[in-house]
Amino acid sequence: MAANMYRVGDYVYFENSSSNPYLIRRIEELNKTANGNVEAKVVCFYRRRDISNSLIMLADKHAKEVEEESETTIEVDLTDKQKHQLKHRELFLSRQYESLPATHIRGKCSVALLNETESVLSYLEKEDTFFYSLVYDPSLKTLLADKGEIRVGPRYQADVPDMLAEGELDDREQAKLEVKVWDPDSPLTDRQIDQFLVVARAVGTFARALDCSSSVRQPSLHMSAAAASRDITLFHAMDTLHKHNYDLSSAISVLVPLGGPVLCRDEMEEWSASEASLFEEALEKYGKDFNDIRQDFLPWKSLTSIVEYYYMWKTTDRYVQQKRLKAAEAESKLKQVYIPTYNKPNPNQISSNNGKPAAVNGAMGASYQAQASLIGRACESCYTSQSHQWYSWGPPNMQCRLCASCWIYWKKYGGLKMPTQTDEDKLSSSQPTEESHVRTHMSRQATQGTPVRNTGSPKSAVKTRQAFFLHTTCWTKLARQVCKNTLRLRQAARRPFVPINCAAIKAEYADRHCELAGNPLKIKSTRKPLSCIIGYLEIHPAVKPNVIRSTPSLQSPSAKRLLAPSNHSSLSILGKRNYSHHNGLDESSSHTTRTIMHAAPHVHMTNGKALQASASAIKTSTIPVIKRQRQNWLDASDDGFFIATEETSAEAVRNLLTKNP
């Protein structure tokens with residue numbers, strides 16, 4: 001009962017998607033809507049996977065600086081797995097509020113400000129425990145340090161000297177240690193001091209009557225006397241009395257100089273009514289975060305002035321009235337709400353009936369085939385192959401799944417239990433990398449939760465499609481030759497997702513096998529061995545074409561090859577070349593005219609044919625422009641698997657080369 005009761009101030013999990021991790025929020029208010037539902041006004045917390053890579057690098061840099069500056073940090077050697085899981089416990093506080101249905105709550109958690117005096121392992125040892133140290137602004141995309149840190153350690157505490165022995169003199173210079181502002185052993189009595197303070201209040205009231213701005217703010221004598229009785233007037237009177245060695249006559253003469261009576265104002269009098277309204281509005285939004293109040297609402301005020309005004313404002317009737325109104329509003333609002341345990345099956349759940357995959361929530365068709373292909377696969381996180389329940393995870397084309405415990409970890413902490421290859425590369429960031437853009441892409445994929453495979457390839461850690469290995473037998477090769485009419489390889493290659501009727505091919509092969517028993521198929525001749533090729537090349541050496549090249553001289557100009565610039569006038573609206581630019585169609589806009597000039601006649605080989613050219617001949621030809629593009633490795637084909645047989649193994653080739661030098 002207590003576990004399902006949620007109150008204001010609790011940190012809870014919210015589910016907004018069946019496949020994404022939970023949202024972590026803090027309940028600020030519980031409001032009942034007009035239709036009877038309960039909505040929760042919550043404060044948003046963000047995970048590392050929710051912010052950009054640049055901000056993640058900034059957060060890591062801040063954590064490293066804090067660790068270096070802290071003198072009381074307990075050094076603990078963490079394994080790669082612990083470092084990986086510790087990143088899942090880090091959150092970023094924000095000032096953003098949102099309203100979510102209370103029925104989407106999935107449990108409680110604990111979020112605390114990072115305590116530098118505790119070991120980081122304490123966050124890993126406790127379930128549903130998170131920490132934060134930075135504040136994230138979703139609109140500005142910035143990270144700032146939280147101002148609410150607890151300063152603990154020798155840097156922030158005073159060094160208490162040893163106690164002096166009896167009769168020992170203190171050799172320290174007292175003037176440098178403290179300043180004396182009042183002497184309780186003065187020659188004046190308490191009654192004389194009180195009389196002097198009454199005179200100071202009277203002088204302050206008279207000064208406000210003479211001041212035009214003060215008479216507008218305090219139009220009545222009662223308000224002026226109340227303002228003159230504040231602490232700023234009393235502190236000035238006592239300081240004046242102390243500076244004049246407690247001589248009443250000289251102190252009174254200082255209170256009323258030649259220019260008129262002294263007027264002492266505090267922050268309560270200096271602030272206007274509009275500034276007070278802005279302060280109350282800012283206090284309602286930010287609380288006692290005086291830095292944000294000054295930055296967003298009162299930038300012309302100093303931080304000292306704002307803090308002083310706050311504590312004076314708490315002594316006014318305005319503060320008492322607002323406190324009563326808030327208490328009345330809190331009484332009318334909900335204090336807690338009961339949310340029953342969510343027991344509905346997840347759409348990503350992979351169920352099985354008698355060993356066959358079954359549909360979840362009536363899902364059939366493509367989801368049925370995807371679930372059928374997931375049977376027998378290991379967990380992507382812990383690599384186990386046995387679990388009482390499996391869940392599909394990641395994009396559908398990846399066909400990945402998680403076990404029950406790893407699925408719960410994914411939903412709560414937003415990551416996998418075991419570090420992947422990209423995480424290991426990020427942990428060893430000191431090692432230089434040749435392709436930083438590939439590493440950045442892979443780290444972003446890992447942050448977003450895209451399945452990552454450890455294939456051993458230096459590049460392809462992120463798989464775009466499932467790799468497979470096709471092993472053909474001798475009977476399959478014979479069926480390709482015998483059943484050409486039924487198989488139709490070219491038509492099948494154009495439609496790779498349409499299954500081939502294997503039963504029809506087997507039936508046709510069985511019928512024709514008897515016919516071909518006496519007349520075996522003619523198998524294509526195999527390649528000649530390497531020794532025959534080497535012998536042929538020794539007997540028939542390659543003949544180089546006799547190319548006559550002209551020598552440069554003063555009379556005859558050197559050979560030039562002039563290439564006209566490409567014509568880009570027919571670009572499309574988006575600045576890209578059209579279809580004819582890439583396919584060499586017969587259009588003037590998609591071709592480039594090349595003029596070739598030769599100083600001496602010689603033979604060119606063009607498409608295997610000889611082309612004669614003279615010194616005075618000018619040959620023009622139109623050659624289509626072919627734009628060479630570098631293929632993205634994410635769009636490349638899957639991993640290839642090659643099996644070396646006894647005839648094609650390295651040892652067999654080595655023996656063949658040594659026998660035929």
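In which hand does H8 pass H9? H8 passes H9 in a right-handed crossing, where the near helix is turned clockwise from the far one by less than a right angle. Keep in mind that this is a predicted model, where local features need pLDDT of at least 70, side-chain atom pairs count only at pLDDT 80 or more, and totals for chains, interfaces and linings use all residues. Residues are numbered from 1 along each chain as its sequence is written, and side-chain values use heavy atoms, with hydrogens and water left out.

**H8 and H9**
- The axes of H8 and helix H9 (residues 248-255) come within 9 Å and cross at roughly 135 degrees; axes are lines fitted to C-alpha atoms over the stretch in contact, with angles from 0 to 180 degrees between N-to-C directions.
- That's why H8 and H9 are called oblique to each other: under 35 degrees would be roughly parallel, over 145 roughly antiparallel, 65 to 115 roughly perpendicular, and the rest is oblique.
- Helices here are DSSP runs (H or I, at least four residues), numbered from the N terminus.

**The largest cavity**
- Searching the whole structure turns up two cavities of 30 Å³ or more; on a 1 Å grid over the protein atoms alone, a cavity is a set of points where a 1.4 Å probe fits but cannot get out, and lining residues have an atom within 4 Å of a point.
- The largest cavity holds about 60 Å³ of space, a volume being the space filled by probe spheres set on the points.
- H5 (190-210) and H8 (231-243) each supply at least two residues of its lining, and H5 gives the most, with four.
- Ala200, His236 and Cys264 are among the lining residues of this cavity.
- Its lining splits into six nonpolar, three polar and one charged (Ala, Val, Leu, Ile, Met, Phe, Trp, Tyr, Cys and Pro are nonpolar; Asp, Glu, Lys and Arg charged; the others, Gly among them, polar).

**The second largest pocket**
- Of its 41 lining residues, the closest to the centre are Tyr97, Glu284, Lys285, Tyr286 and Gly287.
- Helix H14 (residues 317-332) brings the largest share of this lining, seven residues.

**Helix H16**
- Just after H16, Gly414 takes a positive phi of about 75 degrees.

Terms used
On a 1 Å grid over the protein atoms alone, a cavity is a set of points where a 1.4 Å probe fits but cannot get out, and a pocket is an open set with protein on both sides within 12 Å along at least five of seven lines; lining residues have an atom within 4 Å of a point.
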